[in-house]
Amino acid sequence: MGANQTILFHDTIFGPIHSRRLGTSLGVNLSPRDGKICSFDCLYCEAGYNAQGPGNAGLPRREEVARLLTEKLTAMKERGETLDVITFSGNGEPTIHPDFAGILDDTLRIRDEHFPGAKVSVLTNSTMLHRPDVVKALARADNNILKLDSAIEETMRLLDRPGAKEFTVAKVVDQLRAFAGTGIIQTMMLRGSHDGKTVDNTTDAEIEALIEAYRQIKPREIMLYSIDRSTPEENLQKIQAGELRAIGRRIELATSIPVQVN
């Protein structure tokens, strides 16, 4: 599909879909329904590059999210459907939303009313951890899933392309230590090239750097995964399951932290 590839979620509440990592998942998209807003511009993002623009719909209001979620869960319950998880995901970084903390609290309350057995998960790229309200809110999620794709600065900047120059590996690793024993670190493994530069976070140097970072962060779990859909940068390769499992075993042996490979 090339550099303009986009697979946007055109609803604030979407699914449920089957997630290879989380089970039957209902999505909460706090980005515009017709565009993308993110503090990263990842080479592998299934929603495409940020250059497509934020669209015209704007961010959904807190009250609207609560209403739509209540309506969806009520309908699912009436149909006798099951639900494993409600996942904050979508067209961009959910913690950018100025009312993220309040929306998360609403979601927990509505979940308790309709599907108390379901978990609430947040997929975050870890860029908003300088905001105390975001840190406190993430601690209230059942599954606080935080991105760390590389512990080497040059690779992180090439792969994730953060919008803020002040965002660095050293800072984010230090911030992630706030979730020792509770957070889940998610790492996208891939190799390829972009603008003539090699990108590969599977090398020995990369794995050793990640191991050291994981040791400092001490998460409750590590999630390793690779490309599953088309990517805006076409010159990226999926890491096959056997190699991914081998990397996972190496990390688990070195850190004693459980590693989930998807």
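**Thr107 in helix α2**

Thr107 is buried, with a relative accessible area of 1%. The model is a predicted one. Thr107 belongs to helix α2, which covers residues 100–114. Leaving aside residues up to four places away in sequence, Thr107 is in contact with Leu69, Ile86, Phe88 and Val120.

**Cysteines**

The number of disulfides in the model is zero. A disulfide requires two cysteine sulfur atoms within 2.5 Å. For Cys38, the closest cysteine sulfur is that of Cys42, and the distance of 6.4 Å is too far for a bond. Cys45 is likewise in no disulfide, its nearest cysteine sulfur being that of Cys42 at 6.3 Å.

Cys38 has a relative accessible area of 22%.

Rolling a probe the size of a water molecule over the atoms shows where empty space is left. In this model, one cavity of 30 Å³ or more is found. The volume of the largest cavity is about 60 Å³.

The lining of the largest cavity consists of Phe40, Asn125, Lys147, Leu148, Asp149, Ser150, Met156, Asp160, Phe167, Thr168, Val169 and Val172. Two elements, α4 (153–160) and α5 (169–176), each give two or more residues to this lining. By residue class, the lining of the largest cavity has six nonpolar, three polar and three charged members.

Note on methods: Residues are numbered from 1 along each chain as its sequence is written. This is a predicted model: local features need pLDDT of at least 70, side-chain atom pairs count only at pLDDT 80 or more; totals for chains, interfaces and linings use all residues. Side-chain values use heavy atoms; hydrogens and water are left out. Buried means under 20% relative accessible area, exposed over 50%, partly exposed in between (1.4 Å probe, protein chains only). On a 1 Å grid over the protein atoms alone, a cavity is a set of points where a 1.4 Å probe fits but cannot get out, and a pocket is an open set with protein on both sides within 12 Å along at least five of seven lines; lining residues have an atom within 4 Å of a point. Grid points are joined across faces, edges and corners, and a volume is the space filled by probe spheres set on the points. Helices (H or I, at least four residues) and strands (E, at least two) are DSSP runs, numbered from the N terminus. Ala, Val, Leu, Ile, Met, Phe, Trp, Tyr, Cys and Pro count as nonpolar, Asp, Glu, Lys and Arg as charged, and the others, Gly among them, as polar. Contact means heavy atoms within 4.5 Å.
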